[in-house]
Amino acid sequence: MIKYILKCNKNHEFESWFSNSNEFEKLQQKKLIECIFCHSQKISKSIMSPKILNRNIEKNKINEQNLIQVKKNLLNIKKFVKKNFDYVGDGFTQEVRKIYYNRSKDRNIYGSVTDKDSQELIEEGIELTSIPWVKDDN
Ligand SMILES: [Zn+2]
């Protein structure tokens, strides 16, 4: 949902909500928007303020600082994993089984695994942890 402050040619200002930025243009072309005060159809957009439609937005307001902190923590986890775990890429499932069934030296590994393989490993009693892999930049 996008909120526009609309203005008529007599400088009356009023707010209106549109599902997207094209909707205003469409309705205006069809002359379906008029000033709520003087019914003028000469309407222009004044200020745009994009909003997210979320009724709990005030309650669950995510503070930007918290997000930065979360990202920082995730980056630290990533750094820790990279430093202390061996990267095995797509061979993860195979390696996990080797370690789990003692065919390979016990070690920490990380890599990628498909949902199907992950499900099979869980059924074999192998617990995996997934970490949100955040990008290093920005
Ligand atoms: Zn007006």
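Helix H4 (115-123) is followed by Gly-125, whose phi is positive, near 90°; here helices (H or I, at least four residues) and strands (E, at least two) are DSSP runs, numbered from the N terminus. H4 is hardly covered, since the count of buried residues among its nine residues is zero, where a residue is called buried if 20 or more other C-beta atoms lie within 10 Å of its own, exposed if 12 or fewer, and partly exposed in between, with C-beta atoms placed from the backbone. The structure is a predicted model, in which local features need pLDDT of at least 70 and side-chain atom pairs count only at pLDDT 80 or more, while totals for chains, interfaces and linings use all residues. Residues are numbered from 1 along each chain as its sequence is written.

**Overall layout**

- The secondary structure of the protein comes to four helices and five strands, and reading along the sequence gives the pattern β-β-α-β-α-β-α-β-α.
- Of the 138 residues in the protein, 7% are buried.
- Two residues are in contact if their C-beta atoms, placed from the backbone, lie within 7 Å, and among the contacts in the protein with a separation of 6 or more, 49% are accounted for by residues 24 or more positions apart.

- Two strands pair if DSSP finds at least two bridges between them, and strands S1 and S2 run antiparallel and are joined by six bridges.
- One of the residues with a bridge partner in S2 is Ile-5, and that partner is Glu-15.
- The hairpin has four residues between its strands, and Asn-11 in this hairpin takes a positive phi near 65°.
- Lys-10 lies in the loop between strand S1 (2-8) and strand S2 (13-18), and Lys-10 counts as exposed because it has 10 C-beta neighbours inside 10 Å.
- Leaving aside its neighbours within four places in sequence, Lys-10 is in contact with Cys-38 and Ser-40, and its C-alpha atom is separated by 8.8 Å from that of Lys-42, which is 32 residues apart from Lys-10 along the chain.

**The nonpolar core and Leu-6**

- A nonpolar core is a set of buried Ala, Val, Leu, Ile, Met, Phe, Trp, Tyr and Cys residues joined through C-beta atoms within 7 Å, and the largest one here has six residues, namely Tyr-4, Leu-6, Cys-8, Phe-24, Ile-33 and Ile-43.
- The largest share of this core, three residues, comes from S1.
- In soluble globular proteins, nonpolar side chains tend to be buried together.
- Leu-6 has its place in strand S1, and Leu-6 counts as buried because it has 22 C-beta neighbours inside 10 Å.
- When neighbours within four places in sequence are left aside, Leu-6 is in contact with Phe-14, Ser-16, Ile-33, Ile-43, Lys-45 and Ser-46.
- The C-alpha atoms of Leu-6 and Ser-46 are separated by 5.3 Å, although these two residues are 40 residues apart along the chain.

- The buried residues of helix H3 (residues 92-100) are Phe-92, Thr-93 and Val-96.
- These residues cover an arc of only 100° around the axis, which puts them on the same side of H3; the arc is that of the directions from the helix axis to the C-beta atoms.
- The buried residues of H3 pack against strand S4 (86-89), strand S5 (109-111) and helix H4 (115-123).
- Strands S4 and S5 run parallel and are joined by three bridges.
- The chain crosses from S4 through H3 to S5 in a right-handed β-α-β crossover, a term used if, with the strands pointing away from the viewer, the path from the first strand over the helix to the second runs clockwise.
- Gly-89 stands opposite Gly-111 in S5.

**Loop residues with positive phi**

- Asn-102 has its place in the loop between H3 and S5, and its phi is near 60°, a positive value in a residue other than glycine.
- Asn-102 is exposed, because 8 other C-beta atoms lie within 10 Å.
- His-39 has its place in the loop between helix H1 (21-29) and strand S3 (43-50), and its phi is near 65°, a positive value in a residue other than glycine.
- His-39 is exposed, because 9 other C-beta atoms lie within 10 Å.
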